[in-house]
Amino acid sequence: MGRLIVVSNRVATPTETKGSAGGLAVGVFGALKDAGGVWFGWSGDVVSETVANAGPVLEQEGSVTFATVGLTRKDYDQYYRGFSNATLWPVFHYRNDLARYERDEYAGYRRVNAWLAHKLTKLIEPDDVIWVHDYHLIPFAEALRAEGVTNPIGFFLHIPFPAPQILLNIPPHEELVKSLCCYDLIGFQTRNDQVAFHDYLVRHARGEVTDTGEGEGAVASAFGRTLHTGVYRIGVFPDEIAEQAKRYESRQHVLDLKQSLEGRKLIMSVDRLDYSKGLVERFRAFEQLLERAPEWRGNVTLVQIAPPTRSDVDTYQQIRQELEGEAGRINGRFSALDYTPIRYLNQRYDRWKLMSLFRESQIGFVTPLHDGMNLVAKEYVAAQNPDDPGVLVLSIFAGAAAELSGALLVNPHDAIGMSEALQQALAMPLAERKARYETNMTALRKNDLGVWRDSFLRDLRSLKREA
Ligand code: GDG
């Protein structure tokens, strides 16, 4: 088996890949450890041109090399803050209203992809397979091919792939899809995303798509290229999360929270502070609960943990202000001297703390407007106490909704509908909660993070054998 090369915008630090940290980094690192290889990408630092060009910096951890480069201010502004996060992210999440398009940012995006590909080329060996992650790196395979690299290259899109009519809003949409077609295998989170991509190929690129007859695999041809596509639903390691949540359930942070709640029910939400996560809509749904079901006033608390991200992108500053305004307004309306309905925490918490807080709560409230998968929904379920599980209230627009049929599914644009789901969850009998939990846990175990990773890599490596 050849080595694996993982390419992602940010490279996890060796500490983030340790078992106790959990999450995606641990899953990907597992595959790297098995095959040996390289994890390549941006270090997260903005540096001078001289330092950037001197990279990559190499750090060895057993058979895995962490290879990182810094970005100059201009590259960061155009590639990361600009085209990736102010054009691709909003449009791929159906928020054309928040997107901007600047030619020089797009040129910077392609330039940085080409530069990164050039930097990686020297580290590639003939038998390696290359796995590229996410929307920052759409032109990466094309750039590697231009460097003469012939190894199999796969791409996994962590976010939704939008319907063609939405994608058309990005002026160079055709060039982007053409670049995507330089990959040998493209993985999507859901069947909807895969179908949206196929639709674009067929309706806007005179392409052809044929199902392979194996699972959800397909072969597509467009722009003179033939490539494979598939659906690989990203998961978590549910039993590890369950163990971690239980292990820390009696720690001080949980006891403090419990004491401060004075017997009130707890609704937990955790999201990066992002407009795609539906936080404002969620706060308004909670307001509806207090308005329409007065018996819950003073008896239920929403804890929203929302660590800031991309705070130098304008639209993220706006969502933050809007959310602070809404939390203040709703709290002003329903607070009592000894009761604050919404506790809005604009900070990051350790993973083990989050998992134990999930276990302590009666409801996990996860309501994105659009989300590739949403791992928080899966983590919430996995963290529950099997003898007294909480209820997941989940948006139909999260990729996870297709798998978690034990959740109460809601439309995040329907505040009253969401408030009714909260009431139903708050009143749900133990037997029903257990049954829903079991249904969800079965789905999580069947398709855990290892299955996601191994099935993608198996398919990518099998292409290598065909070649
Ligand atoms: C993208 C796609 C897709 C959150 N706050 C804290 C914290 N987190 C952790 C969560 C979870 C992760 O971050 C977030 O993952 P999500 O899947 O919910 O969302 P995105 O960040 O938007 O991820 C998404 C994912 O990629 C994977 O493919 O599911 O659709 O948008 O693990 O627990 N972790 C810690 N402190 C926090 O305060 N430690």
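Helices here are DSSP runs of H or I with at least four residues, numbered from the N terminus. With that in hand, let us walk through this predicted model, starting at helix α5, which spans residues 140-146 and contains Ala-141. Ala-141 has a relative accessible area of 0%, so it counts as buried. Setting aside residues up to four places away in sequence, Ala-141 touches Ile-153, Cys-182 and Tyr-183.

Asp-134 sits in the loop between β5 (129-133) and α5, and its phi is near 80°, a positive value in a residue other than glycine. Most residues other than glycine have a negative phi, and most peptide bonds are trans. Is Asp-134 buried or exposed? Its relative accessible area is 11%, and because buried means under 20%, Asp-134 is buried.

Arg-206 also has a positive phi, near 50°. Its place is the loop between α8 and β8 (208-211). At 82% relative accessibility, Arg-206 counts as exposed, because the cut-off for that class is over 50%. Pro-56 belongs to the loop between α2 (49-54) and β3 (57-61).

Helix α8 itself covers residues 191-204 and includes Gln-194. The relative accessible area of Gln-194 is 0%, so this residue is buried. What does Gln-194 contact, once its neighbours within four places in sequence are left aside? The partners are Phe-188, Glu-216, Ala-218, Thr-229, Gly-230 and Val-231.

Next, consider a pair of packed helices. Two packed helices are described by the angle between their axes and the distance between the axes. For α9 (residues 238-247) and α13 (residues 351-360), the angle is about 85° and the axes are 8 Å apart. That angle makes α9 roughly perpendicular to α13. On the α9 side, the contact involves Ile-241, Ala-242, Gln-244, Ala-245 and Lys-246; facing them in α13 are Arg-351, Trp-352, Met-355, Ser-356 and Arg-359. By class, the residues of this contact are five nonpolar, two polar and three charged.

Finally, we come to the empty space. Rolling a probe the size of a water molecule over the atoms shows where empty space is left. There are three cavities of 30 Å³ or more, and the largest cavity holds about 70 Å³. Which elements each supply at least two residues of its lining? They are α14 (375-382), β15 (391-395) and α16 (430-446), with α16 giving the most, four residues. Among the lining residues of the largest cavity are Tyr-380, Val-391, Arg-433 and Asn-440. Its lining divides into five nonpolar, four polar and two charged residues.

The second largest pocket has a volume of about 490 Å³. Its lining has 22 residues, and Glu-214, Gly-217, Tyr-232, Arg-458 and Asp-459 lie nearest its centre. Two or more lining residues come from each of β10 (225-231) and α17 (449-466). The largest share belongs to α17, with eight residues. In this pocket the lining has seven nonpolar, nine polar and six charged residues.

Methods. Residues are numbered from 1 along each chain as its sequence is written. This is a predicted model: local features need pLDDT of at least 70, side-chain atom pairs count only at pLDDT 80 or more; totals for chains, interfaces and linings use all residues. Side-chain values use heavy atoms; hydrogens and water are left out. Axes are lines fitted to C-alpha atoms, for helices over the stretch in contact, and angles run from 0 to 180 degrees between N-to-C directions. Angles under 35 degrees count as roughly parallel, over 145 as roughly antiparallel, 65 to 115 as roughly perpendicular and the rest as oblique. Contact means heavy atoms within 4.5 Å. Ala, Val, Leu, Ile, Met, Phe, Trp, Tyr, Cys and Pro count as nonpolar, Asp, Glu, Lys and Arg as charged, and the others, Gly among them, as polar. On a 1 Å grid over the protein atoms alone, a cavity is a set of points where a 1.4 Å probe fits but cannot get out, and a pocket is an open set with protein on both sides within 12 Å along at least five of seven lines; lining residues have an atom within 4 Å of a point. Grid points are joined across faces, edges and corners, and a volume is the space filled by probe spheres set on the points. Buried means under 20% relative accessible area, exposed over 50%, partly exposed in between (1.4 Å probe, protein chains only).
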